[in-house]
Amino acid sequence: MDPYLLMWGLLTFITVPGCQAELCDDDPPKITHATFKAVAYKEGTMLNCECKRGFRRIKSGSPYMLCTGNSSHSSWDNQCQCTSSAARNTTKQVTPQPEEQKERKTTEMQSQMQLADQVSLPGHCREPPPWENEATERIYHFVVGQTVYYQCVQGYRALHRGPAESVCKMTHGKTRWTQPQLICTGEMEPSQFPDFRIQTEVAATMETFIFTTEYQVAVAGCVFLLISVLLLSGLTWQRRQRKNRRTI
């Protein structure tokens with residue numbers, strides 16, 4: 001963890017009246033083929049001011065954003081600012097390339113969607129707005145009581161066995177995240193539930209096979225019976241012929 005963040009956490013816990021926010025020691029658990037997000041962030045949550053490749057945080061800027069507030073309103077303190085790594089004493093704006101513009105547009109759209117879906121909760125901050133030349137991945141430092149929600153990535157579907165969420169809790173003086181009950185499986189992979197359609201097709205095929213076998217046995221029986229009758233008739237006719245010859 002960043003030493004600046006550790007120093008801030010210690011000073012905040014000691015100097016700010018009524019602040020009992022404890023940072024979670026670990027990140028939320030990882031689920032294969034799934035991502036997590038928070039609907040709202042508890043007061044005390046920190047977000048690293050990370051810049052994308054080729055840019056760095058300005059020297060006078062804060063290394064993080066902090067969710068603070070009171071019982072009626074919460075907001076993010078500090079602002080993240082990035083500048084080109086090639087520029088030492090200037091914050092000259094760099095014209096983004098088409099790929100960067102597309103990436104920024106996607107980030108802004110996601111942020112707008114998140115803001116639209118969020119509900120104002122007391123003691124919580126909403127998703128921070130994006131900043132210029134922000135890194136593609138955001139790094140949060142959550143506090144005890146934070147809840148994150150999981151969903152499967154594109155191309156995978158969820159097999160729910162329980163709540164798809166994780167909560168940071170304090171247990172015996174140590175923080176831990178609860179384990180989300182979520183399994184993500186590929187769209188084309190067979191599920192763990194029985195496929196009744198396949199079972200029905202198999203049953204129909206077996207019935208057809210049994211019917212065909214019985215029919216063949218019946219036909220063979222009839223043919224055998226017919227042959228037996230013909231043989232008996234032939235033998236009877238021969239005996240009669242012999243008797244007639246003796247009589248003559």
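This is a predicted model: local features need pLDDT of at least 70, side-chain atom pairs count only at pLDDT 80 or more; totals for chains, interfaces and linings use all residues.
Visitor: Let's start with the aromatics. How many aromatic pairs are there?
Guide: The count comes to six aromatic pairs. One of them is Tyr41 with Phe142, a stacked pair with 6.3 Å centre to centre and 5 degrees between the planes.

Visitor: Where do Tyr41 and Phe142 sit in the chain?
Guide: The pair links distant parts of the chain, 101 residues apart. Tyr41 belongs to strand E2 (residues 41-42), while Phe142 is in the loop between strand E9 (140-141) and strand E10 (147-152).

Visitor: Is Tyr41 buried or exposed?
Guide: Tyr41 is buried, because its relative accessible area is 3% and the cut-off for buried is under 20%.

Visitor: And Phe142, buried or exposed?
Guide: Phe142 has 7% relative accessibility, so Phe142 counts as buried too.

Visitor: What about Tyr140 and Phe142, how are the rings arranged?
Guide: Tyr140 and Phe142 are stacked, at 5.8 Å centre to centre with 20 degrees between the planes. Tyr140 counts as buried, with a relative accessibility of 12%.

Visitor: Which residues form the aromatic cluster?
Guide: Tyr41, Trp76, Tyr140, Phe142 and Trp177 form one cluster.

Visitor: Why remark on that?
Guide: Because most residues other than glycine have a negative phi.

Visitor: Fine. Where is His33?
Guide: His33 lies in the loop between helix H1 (3-15) and strand E1 (34-37). With a relative accessible area of 34%, His33 is partly exposed.

Visitor: What about the phi of His172?
Guide: The phi of His172 is positive as well, at about 55 degrees, and His172 is not a glycine. His172 is in the loop between strand E12 (165-171) and strand E13 (174-177).

Visitor: Is His172 buried or exposed?
Guide: Exposed: the relative accessibility of His172 is 82%.

Visitor: Last topic, the surface. Which residues form the nonpolar patch?
Guide: The patch is formed by Val219, Val223, Ile227 and Leu231, which together have about 330 Å² of accessible area.

Visitor: Where is Val219 found?
Guide: Val219 is in helix H3 (residues 196-247).

Terms used. Residues are numbered from 1 along each chain as its sequence is written. Side-chain values use heavy atoms; hydrogens and water are left out. Patches are made of residues with over 30% relative accessible area and no salt bridge: like charges are joined within 9 Å, nonpolar side chains (Val, Leu, Ile, Met, Phe, Trp, Tyr) within 5 Å. Accessible areas come from the Shrake-Rupley method with a 1.4 Å probe; for residues, only the protein chains shown count as cover. A salt bridge is a side-chain nitrogen of Lys or Arg within 4 Å of a carboxyl oxygen of Asp or Glu. Helices (H or I, at least four residues) and strands (E, at least two) are DSSP runs, numbered from the N terminus. Rings of Phe, Tyr and Trp (its six-membered ring) pair if their centres lie within 6.5 Å; planes under 30 degrees apart count as stacked, over 60 as edge-to-face and the rest as tilted. Buried means under 20% relative accessible area, exposed over 50%, partly exposed in between (1.4 Å probe, protein chains only).
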